[in-house]
Amino acid sequence: TGEPTAWEPQICRALRVKPPLSAEQFLSHMLSVPLNFRPGTEVRYSNVGYIALGEVVAKVSGRPYAEFVAETVLKPM
């Protein structure tokens, strides 16, 4: 429970790495954390999903998430 994006000190200790965590390290750790409830039974906001989204967008677009959003969403607006 709680906001996993604030768990960096604990995750760094668990992974035996120095901060800051990369998105890949963070997501790798989060995949090992049990869910709080069965999917589809409750809804809760999670920043973890946006970190995963950023990695998917970066992989597919070949550009960092922030750059992709700035160029394809914000600039045209």
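Start with the salt bridges: there are two, counting a side-chain nitrogen of Lys or Arg within 4 Å of a carboxyl oxygen of Asp or Glu. This is a predicted model, where local features need pLDDT of at least 70, side-chain atom pairs count only at pLDDT 80 or more, and totals for chains, interfaces and linings use all residues. Residues are numbered from 1 along each chain as its sequence is written, and side-chain values use heavy atoms, with hydrogens and water left out.

Select Arg-44 and Glu-42. Their closest N and O atoms lie 2.9 Å apart in a salt bridge. Arg-44 is exposed, at 55% relative accessible area. Glu-42 is partly exposed, at 39%. (Buried is under 20%, exposed over 50%, partly exposed in between, with a 1.4 Å probe and protein chains only.)

Next, select Lys-75 and Glu-71. This salt bridge has its closest N and O atoms 3.9 Å apart. Lys-75 is exposed, at 63%, and Glu-71 is partly exposed, at 40%.

Now show helices H2 (residues 23-30) and H3 (residues 47-61). Helices are DSSP runs of H or I, at least four residues, numbered from the N terminus. The two pack at about 130°, axes 10 Å apart. Axes are lines fitted to C-alpha atoms over the stretch in contact, and angles run from 0 to 180 degrees between N-to-C directions. H2 and H3 are therefore oblique to each other (angles under 35 degrees are roughly parallel, over 145 roughly antiparallel, 65 to 115 roughly perpendicular, the rest oblique).

Finally, select the contact residues, with heavy atoms within 4.5 Å. H2 gives Ala-23, Phe-26, Leu-27 and Met-30; H3 gives Val-48, Ile-51, Ala-52 and Glu-55.
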